Amino acid sequence: MKEQNDTVKITNTIRLPETELPRVVVIGGGFAGLSFVKKLKNTEVQVVVIDKNNFHQFQPLLYQVATSGIVPDSIVFPFRKQFKSYKNVFFRMAEVTNIDTETKQVVTDIGHVEYDYLVLATGSETNFFGLEDVQANSLGMKTIQEALDIRSLILQRFEKAVVTSDDATRDALTNFAVIGGGPAGVETVGAIAEFKKYILPKDYPDLDVSMMSIYLIESNDRLLKGMSDKSSEKALKYLNEMDVNVHLGTRVTSYDGLNIATINDKGFVAKSVIWTAGVKGNLPEGLDAKCFGGGNRLLVNDYSEVKGCTNVYAIGDISSMISEEYPYGHPMVAQTAIQQGDLLAHNLLNQMNGKALKKFEYNDKGSLATVGKRKAVADIGKFKFGGYFAWILWSVVHLMSISGFKNKLFVGINWTWSYFTYDKGNRLIVRRYKKGEKRD
Ligand SMILES: Cc1cc2nc3c(=O)[nH]c(=O)nc-3n(C[C@H](O)[C@H](O)[C@H](O)COP(=O)(O)OP(=O)(O)OC[C@H]3O[C@@H](n4cnc5c(N)ncnc54)[C@H](O)[C@@H]3O)c2cc1C
């Protein structure tokens, strides 16, 4: 949470076509920002999309990149390709560093831009809850860059283990701990367990993989907190069958790069820790502290307008729209982001044309999480089920949601190939992971 900064250094203006139309600046082209912009295609507004990456990324499949299941290129989509027939949309790759709502300017690392309407869709980042040693020694999984780091890290650990003679060091190198038993943690740990079962014995025949321990550590007393008890129990059963050591009711308090300490004195030894235990709003500086609710998210009204600001909106993970049904804000998932983006575009056009606005109502289409091949859980309305059918549903829903026909095709082929061969073909250390190196 940042205090208002009135000594913002504004340098050059970002070059944009001059226009009489109102300018809508959108920061972030994730699920929320992209769905908003799609609805404004070729309308009577100038839309400026600013993102620090030149691509949209599909976060739900990051764990498959991290575990060598699919190539990174198949879950990202270039903004310039997306917007090629959007005559009123201009993309600028830049990192936004500050927002000045007094002068209506957005400051970036390449210059500043003025707005009539500002849409904040900057998503969320990993929350280490102030555990500095955990942050320094473990890896989060919020971006494609981080997923690639994890992929390299996993493979580098085995390359090192295979040449290590000391048993204790070799154990520590091959042990993996995932912290956080939400969908991302469950999916990641399941994929690592499959890696152990199907890939390692083939790739490292001279390494005894039976000694490898995989831990899933969760502070709650159950997995998949946002899903039904039935799904949570099923996920636990699947993970136990897959030889994952699940520790519930276990909060991690520190990690020095080797020893994981927890609140209930359970200790674990692992050289590799993946942290999926929390997220918080990810926002550039400049907005007043009173705009923020819990989790560094911006408080918005039912129309996504940021509390205390005029013509400034927030959608997706960065926003906290509190209602009776959602006292802590809506779920930080892709569906919320997409639906908020859609409605805001519709409302903004209506507002400009003097028409009535519609309040946001979340349409919960259900939740899915996969644990491994032929193992997934689904909560769809009153139907709670798991197993093969849930896994097929998960696969179809995710395949359909990826941007771009080519990406869908490549992921589909990849999945079909590994379904029949049990192979994960992308076990490449293209870029070595080096601890402490900033990637984005
Ligand atoms: C590993 C993982 C698995 C997930 N699985 C699921 C799932 O199965 N189902 C589901 O519904 N949800 C899932 N989610 C959650 C879902 O991905 C998020 O809720 C969704 O991405 C939120 O969309 P958003 O547009 O708010 O933010 P994002 O999609 O995160 O987009 C934010 C955008 O803002 C840009 N940005 C951020 N800061 C700046 C800045 N300062 N300057 C310029 N650009 C900036 C980023 O580059 C990014 O493009 C998962 C998330 C993760 C991390």
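Which residues in helix 10 meet which residues in helix 11? Y388, W391, W394, S395, H398, L399 and M400 of helix 10 meet K408, V411, G412, W415 and Y419 of helix 11, where contact means heavy atoms within 4.5 Å. Helices (H or I, at least four residues) and strands (E, at least two) are DSSP runs, numbered from the N terminus. The structure is a predicted model, in which local features need pLDDT of at least 70 and side-chain atom pairs count only at pLDDT 80 or more, while totals for chains, interfaces and linings use all residues. Residues are numbered from 1 along each chain as its sequence is written, and side-chain values use heavy atoms, with hydrogens and water left out.

The contact of helix 10 with helix 11 comprises 8 nonpolar, 3 polar and 1 charged residues; here Ala, Val, Leu, Ile, Met, Phe, Trp, Tyr, Cys and Pro count as nonpolar, Asp, Glu, Lys and Arg as charged, and the others, Gly among them, as polar. Two packed helices are described by the angle between their axes and the distance between the axes. For helix 10 (residues 388–401) and helix 11 (residues 405–421), the angle is about 155° and the axes are 9 Å apart. Axes are lines fitted to C-alpha atoms, for helices over the stretch in contact, and angles run from 0 to 180 degrees between N-to-C directions. Helix 10 and helix 11 are therefore roughly antiparallel (under 35 degrees counts as roughly parallel, over 145 as roughly antiparallel, 65 to 115 as roughly perpendicular and the rest as oblique).

Helix 11 also holds S418, which is buried at a relative accessible area of 19%; buried means under 20%, exposed over 50% and partly exposed in between, with a 1.4 Å probe and protein chains only. Not counting residues up to four places away in sequence, S418 touches K373 and D423. K373 in turn lies over the face of Y422, at 3.4 Å from the ring centre, and its charged end also sits over the ring of Y198, 5.8 Å from the centre. A charge sits over a ring if NZ of Lys or CZ of Arg is within 6 Å of the ring centre and within 35 degrees of the ring normal.

Aromatic pairs are a further theme. The whole structure contains 15 of them; rings of Phe, Tyr and Trp (its six-membered ring) pair if their centres lie within 6.5 Å, with planes under 30 degrees apart counted as stacked, over 60 as edge-to-face and the rest as tilted. One of these pairs, F31 with F58, is edge-to-face, at 5.8 Å centre to centre and 65° between the planes. F31 belongs to helix 1 (residues 31–39) and F58 to the loop between strand 3 (55–57) and helix 2 (62–66), so the pair ties together parts that are 27 residues apart in sequence. F31 is buried at 18% relative accessibility, and F58 is buried at 4%. The pair of F83 and Y86 is edge-to-face because the ring centres are 5.3 Å apart and the planes stand at 65°.

Helix 1 is mostly covered, with 7 of its 9 residues buried; among them are F31, L34 and F36. By contrast, D73, in the loop between helix 2 and strand 4 (76–78), is exposed at 56%.
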